[in-house]
Amino acid sequence: MGKVVMYSSVSVDGFIADEQDQPGPLFDWLTSGDVPLDDSGVLTVSQTSYDHTRPYWDQIGVTIAGRHVFDLTDGWDGKPPGGIDHVVVVTHRPAPDGWDPGAPFHFVDGVEAAVAKARELAGDRLVEVAAGDVGGQVLAAGLVDEVRMDVVPVVFGSGKRFFGSVDAQHLLEDPDVAIQGNRVLHLRYRVRR
């Protein structure tokens, strides 16, 4: 069974978006290099970031996101982002009216059900959980194996927190990956059990 990884780009003060749900410069590192990260022609990173990010992305089978992110992105037009096979959406509401039932999106109620569905779909590949409120809930439920973050040198001051509204202490191991890219620091922490 694949690991469950909480992930996002994040400001140095711990935010994944500003108060208006805008990422500002958090994704600038994805267009600041000369090595194509995918076939879109849009994402170009430094060689160092490519060598770290591409193998990680290739391991992801399923992404878990909240309904808020799903709505903000218009459901990625029914195509999972980054070539991922499936998206599991945590929501108390049904799929939007007119949603293509054949699209590889699965709407579930609750983070435990989301992780169970994602693990079933992912097999031995990684389950990625979008940071924020849903990611924080999955962490609080004890279902996250590791935390990955791409720390960008910007201070937001306020906004949407990487760990959402988690109000309990969770210990992580020392980072076993710390890679300096162009305008980004890639970090990985295993969750202490």
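Which residues of the largest nonpolar core touch the most other members? The model is a predicted one.

## The nonpolar cores

Within the largest nonpolar core, which holds 28 residues, the residues that touch the most other members are Ile64, Val138, Met149 and Phe162. The elements that each supply two or more residues to this core are S1, strand S5 (60-66), strand S6 (86-90), helix H3 (111-122), strand S8 (126-130), helix H4 (133-140), strand S9 (146-152) and strand S12 (185-190). Helix H3 gives the most to this core, namely 5 residues. There is also a second, separate core of 18 residues, and Leu26, Trp29, Trp57 and Val154 are included in that core. In soluble globular proteins, nonpolar side chains tend to be buried together.

The contacts of Ile64 can be followed in detail. Leaving out residues up to four places away in sequence, Ile64 touches Val88, Val90, Ala114, Val115, Ala118, Val127, Glu128, Val129, Ala130 and Val134.

## Helix H4

Helix H4 has five entries in its list of buried residues: Val134, Gly135, Gly136, Val138 and Leu139. These buried residues of H4 pack against S1, S5, S6, H3 and S8. Just after H4, Gly142 adopts a positive phi of about 75°.

Ser9 belongs to strand S1, which covers residues 4-11. Is Ser9 buried or exposed? Ser9 counts as buried because its relative accessible area is 2%, and buried means under 20%. The side chain of Ser9 makes a polar contact of 3.1 Å with the side chain of Trp29. Apart from residues up to four places away in sequence, Ser9 touches Phe15, Ile16, Leu26, Phe27, Trp29 and Asp150.

Ser8 is also found in strand S1. With a relative accessibility of 13%, Ser8 counts as buried. Not counting residues up to four places away in sequence, Ser8 touches Ile16, Ala131, Arg148, Met149, Asp150 and Phe162.

## The largest pocket

The volume of the largest pocket is about 1,200 Å³. Its lining is formed by 44 residues, and those that lie nearest the centre of the pocket are Ser8, Phe27, Val69, Trp76 and Ala130. Two or more lining residues come from each of S1, strand S2 (15-17), S5, helix H2 (67-72), S8, H4 and strand S10 (160-161). Sorted by class, the lining of this pocket has 21 nonpolar, 14 polar and 9 charged residues.

Trp76, one of the residues nearest the centre of the pocket, is found in the loop between H2 and S6. Trp76 counts as partly exposed, at 22% relative accessibility. Although Trp76 is not a glycine, its phi is positive, at about 50°. Asp77 is likewise placed in the loop between H2 and S6. Phi of Asp77 is near 55°, a positive value in a residue other than glycine. Why does Asp77 count as exposed? Asp77 counts as exposed because its relative accessibility is 65%, and exposed means over 50%.

## The cavity

How many cavities of 30 Å³ or more does the count give? The count comes to 1 cavity of 30 Å³ or more. The largest cavity holds about 60 Å³ of space. Its lining consists of Tyr7, His52, Thr53, Tyr56, Trp57, Arg148, Met149, Asp150, His186 and Leu187. Helix H1 (47-59), S9 and S12 are the elements that give two or more residues to this lining. Helix H1 gives the most to the lining of the largest cavity, with 4 residues. By class, the lining of the largest cavity has 5 nonpolar, 3 polar and 2 charged residues.

## Strand S12: Tyr189

Tyr189 lies in strand S12. Tyr189 is buried because its relative accessible area is 19%, and the limit for a buried residue is under 20%. The C-alpha atoms of Tyr189 and Arg148 are separated by 6.4 Å, while the two residues are 41 residues apart along the chain. Leaving aside neighbours within four places in sequence, Tyr189 is in contact with Glu146, Val147, Met149, Leu172, Glu173, Asp174, Pro175 and Asp176.

Conventions:
Residues numbered from 1 in each chain as written. Predicted model: local features only at pLDDT ≥ 70, side-chain atom pairs only at ≥ 80, totals over all residues. Heavy atoms only, no water. Buried < 20%, exposed > 50% of the residue type's maximum accessible area, 1.4 Å probe, protein only. Polar contact = N/O pair within 3.5 Å; in protein donor to acceptor, adjacent residues only side chain to side chain. Contact = heavy atoms within 4.5 Å. Core = buried A, V, L, I, M, F, W, Y, C linked by side-chain atoms within 4.5 Å. 1 Å grid on protein atoms, 1.4 Å probe; cavity = no way out; pocket = protein on both sides within 12 Å on 5 of 7 lines; lining within 4 Å. Points joined across faces, edges and corners; volume = space filled by probe spheres on them. Nonpolar A, V, L, I, M, F, W, Y, C, P; charged D, E, K, R; others polar.
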